[in-house]
Every structure is written in structure tokens, then in C-alpha cells.
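Here is a short tour for someone meeting this model for the first time. Have a look at it, then read on.

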Amino acid sequence: MIDKILTEYEQVVEKSFLDDLTGLHNYGSFRHLIDIICTQSLRSSKRFTLALIDITNFSHYNSKYGTLQGDHLLKKTGDHIIESIRKSDIAARLWRDQFAIQLDGSIGDDAILVAERIKSHIEESLENEITISIGLASFPTKGTTFKDLYDSAKESLDLAKQDGRSRIISLDSPEAPKDPSQYSVLVVDDDKLNGKIIEFQLRNYGYHIYFASNGEEAIEFVKSHPIDLIISDIMMPKMNGFQLCRRIKKFSATRLIPVVLMTTLEAPEVKLTGIDAGADGFVTKPFQQAELLARTKSLLHMHELNKKLTDFENVLFSLTNIVEVKDSYTQGHSIRVSQLSRQIGFALGLDNDMLDKLVTAGQLHDIGKIGIHKSILNKPGALTDEEFLEIQKHPLLGYQICVPLKDNLGISLDAIRHHHEKLDGSGYPDGLKGDEILLGSRILAVADIYDALTTDRPYRLGFSIDKAFMILDDDAQRGKIDKQIVSILKDLILS
Ligand SMILES: [Fe+2]
Ligand SMILES: [Fe+2]
């Protein structure tokens with residue numbers, strides 16, 4: 001008798017923690033558990049993510065098929081949640097059609113992949129009768145109590161459900177992708193079925209998808225549409241994936257768009273050719289959805305960063321305009337030095353990357369003059385020793401302004417610092433000698449002197465081309481500037 005009462009008591013107690021309909025934890029129980037786990041995790045530095053799940057248009061389903069059928073759907077959803085989670089995860093039905101899961105040990109991209117698996121399992125098990133949205137919030141980034149985590153996951157969930165769509169959104173970190181619908185992906189493939197598979201996988205996740213059936217069509221498309229990522233097949237008529245990639249990477253307007261090539265071949269030479277063409281990544285056919293999503297996400301993130309860097313570059317370029325306004329005699333100087341340097345580099349057979357770097361270096365080389373007083377820059381007479389020392393500060397100042405962009409500028413940064421160095425060690429700011437001065441800096445130095453000689457300065461009119469080359473030849477003869485570069489410049493200008 002006592003045993004029976006005890007068993008009944010246990011059942012009543014247990015029942016008060018569980019949801020009648022699904023048998024999952026109810027709101028009160030789940031909240032209590034999460035608060036306990038939060039306290040323990042703070043001590044043990046454990047990580048987890050709270051996932052909130054919502055059935056798209058559940059009220060519509062309920063009114064269409066009745067509450068009984070609606071309850072049946074909720075029960076089945078609960079069952080499929082249990083089937084899809086790991087043993088260490090905890091699932092609950094909070095209320096109506098809102099479910100929650102504590103994804104144990106998973107945060108960031110890992111949690112997104114787990115959520116993706118759960119979403120696919122539930123939708124496929126219910127034969128795509130319904131779709132679900134998931135909002136994620138990780139501990140401790142988004143909170144250290146149930147309430148904070150819930151509020152953050154709810155914010156993500158609301159975004160995921162926006163416009164009647166069903167997606168997975170995590171707002172965990174600044175690096176996390178924004179709302180996927182902000183991104184446009186161009187899929188290039190002559191095989192329509194393959195294109196449809198990618199479309200289904202990515203559109204389901206919220207991206208805007210566009211199609212082109214070959215490289216030529218893709219090139220035309222990107223001219224008029226802002227695209228954040230290109231996923232292209234390799235073997236296609238008219239223009240293949242490698243050729244497309246080369247064209248995209250060649251033009252400054254499109255070179256930052258990441259390109260992923262799809263390959264069925266594991267042959268390393270295919271990848272090598274792709275890398276040589278500038279491809280940013282590869283996916284292997286047939287696709288694993290997780291691989292495609294992970295690749296897409298990381299490249300979109302990279303694109304975001306690149307865009308920010310170019311914004312910074314743009315700021316730098318506009319600073320050079322200020323220099324040219326300040327130093328009225330050097331208008332157009334940066335652009336001319338830039339173009340001359342590129343022409344010299346081209347004649348020397350340098351590769352495209354190096355030529356791009358020379359162009360950037362030419363544009364930015366005198367940016368340090370922004371810190372030199374206007375009265376010195378525009379002084380009509382000879383400079384005093386003190387003023388000359390002041391003006392000599394500009395290469396180092398330019399370097400300091402540009403150094404945060406070190407990774408992007410590469411050897412351009414070196415040329416900004418060393419465009420006034422001389423091969424015999426008499427230059428500034430570091431007094432480098434001979435081979436210590438890199439080729440890019442030596443090219444820039446010659447282009448810079450030539451332009452300065454042939455244009456008007458505050459203290460004299462511009463020299464004729466012949467006179468300019470007499471001076472350059474003399475400097476080369478005295479071992480100050482590179483003889484070969486002077487002779488290439490002569491060929492370029494006089495031929
Ligand atoms: Fe300079
Ligand atoms: Fe200059």
C-alpha cells in the first residue's frame with residue numbers, strides 16, 4: 001500500500017516537471033534546470049547554447065486542421081526533437097509551439113551545424129508538412145541566466161521567422177553572420193538540377209540565390225548586381241569556372257567577391273589550377289549540406305572583413321587628396337607616380353599582384369605629408385635645414401598612418417616608407433643601402449623623382465624631359481638610384 005502511494009507520489013511529482021502533451025520538460029522545469037546548469041558552468045567554464053524552436057505558421061495550421069490535429073503535430077514534433085538530440089542535450093516544450101533545447105558543449109558554428117541537423121531531421125520526418133525556425137544564444141556570450149539566454153535566443157528567433165521564412169539565426173558574436181537574407185549568392189552551373197540542389201540548400205537557410213548557366217552570363221550579371229559570393233561549376237560551355245574566376249579576380253570592382261569552385265574530381269591539379277585562378281575555396285560534389293553552409297558562411301564573413309578593409313583603404317585614399325590640396329604644387333602627383341610605377345613594373349615582367357601593390361604604393365606614398373605644415377610644403381624659396389628635416393619626416397609618418405593595413409598593403413607599405421632611400425645609403429628615413437631597398441621601393445623612387453622634376457614646384461618651373469633624364473642619369477651614375485629602372489623609364493617615356 002505504502003509502495004503504491006509512493007509510486008503515485010513520484011509520478012505526480014515527475015508529472016509536474018513534464019509537459020503533458022509531449023513528455024518533454026515544461027517551462028518551469030526547464031528554466032530551473034538551465035539556471036542550475038548556468039551556475040555550474042560558470043564554475044567549470046563549460047559552454048552550451050540555448051536553442052529556441054518555433055513551428056512556422058502554427059496558428060494557421062491549427063485553424064485549418066483543428067486543435068486535435070494541432071496537438072498531434074506538437075506531439076510528433078516533440079518526438080522528433082528527442083530522436084534528433086544527443087543524450088547530454090535537454091529538450092523542453094515551453095508553451096504552445098515553442099520548444100527549447102540546451103545544446104550541451106556546442107557554441108558558435110558548431111551549434112549552428114547541430115541546429116541545422118535537428119531542423120532537417122524534424123522537417124524531413126514530418127515529410128516537410130511544416131518548417132521550423134531556430135534562434136540560438138550561447139552561454140556565457142549572450143547571458144549567464146535562463147532569462148538573459150532566453151531573451152537573446154528569442155531575438156534571434158524573431159529574426160529567423162521574419163517575413164514568414166524559416167531559418168536558423170545566431171547573434172552570438174560580432175563575427176557571426178548577419179541575417180542571411182542580406183547576402184546574395186550567385187550559383188553558376190550549366191547543370192540545372194545541380195543548381196537546384198544548391199538553391200534548395202542555401203535558400204532554405206535564407207540567402208538570396210541567383211543563377212547563371214555559364215561564366216559569360218555570370219560576368220554580365222555581376223556588372224549590375226551586388227553579389228557577395230559566387231559558387232561556380234568548373235566544366236561549363238563558353239567560359240569555364242577557372243576562366244570565370246580569373247576574370248572576377250582581375251577587375252577591382254569584383255576582385256573581392258569570394259569564388260568557390262565545385263568539383264567532382266579529387267585530383268590535386270584541379271585544385272592547383274583553381275588556386276592559381278584565384279579561387280577562395282572548393283566544395284566537392286555531391287554536397288554535404290553542412291560543408292556547403294560552413295564554406296558559404298566563412299567566405300561571406302571574409303567578404304565582410306575585406307569590405308571593411310577596403311573602406312579603410314578608401315579613407316586612406318581620400319587622405320591623399322587632402323595632401324594634394326595642402327600641397328598645391330603636387331596635384332595629380334600620386335596618380336602619375338602610381339601609373340608610372342605600374343608601367344615600369346609591367347616592363348620588368350612583374351606579376352599582377354605586385355603591379356597592384358605598386359599602384360597602391362604610388363597613390364599613398366606621400367600620405368605622410370598630411371602631418372607637415374602647409375607653409376613648408378608650399379614655400380617658394382629654398383628650405384632651411386630645420387624645414388628640410390621636417391619634410392624628411394613624411395615617409396615615416398606615412399608608414400605609421402598605413403601600418404594598421406599591413407596585411408593588405410604588403411610591399412606597398414615598404415615602398416611608402418622607403419621611397420626616399422638611396423642605393424648609396426644617403427637617403428632617409430632609414431639610410432638603407434643597395435639590396436636592402438626592395439625593388440618596389442626602387443621603382444617608386446625613380447617614378448617619384450621623374451614626376452617631381454617634370455612638374456612645377458613652388459621654388460622652380462618643371463624641367464624638360466631631356467633635362468629630367470640628364471639629372472636621373474647623373475643620379476644613377478653616382479649610385480643613388482637604380483640604373484636599370486631609369487633606362488626602362490627612358491624607353492617608356494621617349495619611345
Ligand atoms: Fe615623398
Ligand atoms: Fe612623392
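## Two helices side by side

Helix H12 (residues 333-347) packs against helix H13 (residues 352-364) at an angle of about 155 degrees, and their axes lie 7 Å apart. That makes H12 roughly antiparallel to H13, a label used for angles over 145 degrees. Axes here are lines fitted to C-alpha atoms over the stretch in contact, with angles from 0 to 180 degrees between N-to-C directions. Helices are DSSP runs of H or I with at least four residues, strands are runs of E with at least two, and both are numbered from the N terminus.

Who meets whom? On the H12 side the residues include Ser334, Ile335 and Phe346, and on the H13 side they include Met354, Leu355 and Gln363. Being in contact takes C-beta atoms, placed from the backbone, within 7 Å.

## About the model

This is a predicted model, in which local features need pLDDT of at least 70 and side-chain atom pairs count only at pLDDT 80 or more, while totals for chains, interfaces and linings use all residues. Residues are numbered from 1 along each chain as its sequence is written, and chains are lettered from A and ligands numbered from 1 in the order in which they are written.

## An open sheet

Five strands line up as S2-S3-S1-S4-S5 in an open sheet with mixed pairing. Strands S2 (90-95) and S5 (168-170) each have a single partner strand, so one side of each is left without a neighbour in the sheet.

S2 pairs with S3 (residues 98-104) in the antiparallel sense over five bridges; pairing takes at least two bridges found by DSSP. Ile90 stands opposite Gln102 in S3.

Methods: Angles under 35 degrees count as roughly parallel, over 145 as roughly antiparallel, 65 to 115 as roughly perpendicular and the rest as oblique. Two residues are in contact if their C-beta atoms, placed from the backbone, lie within 7 Å.
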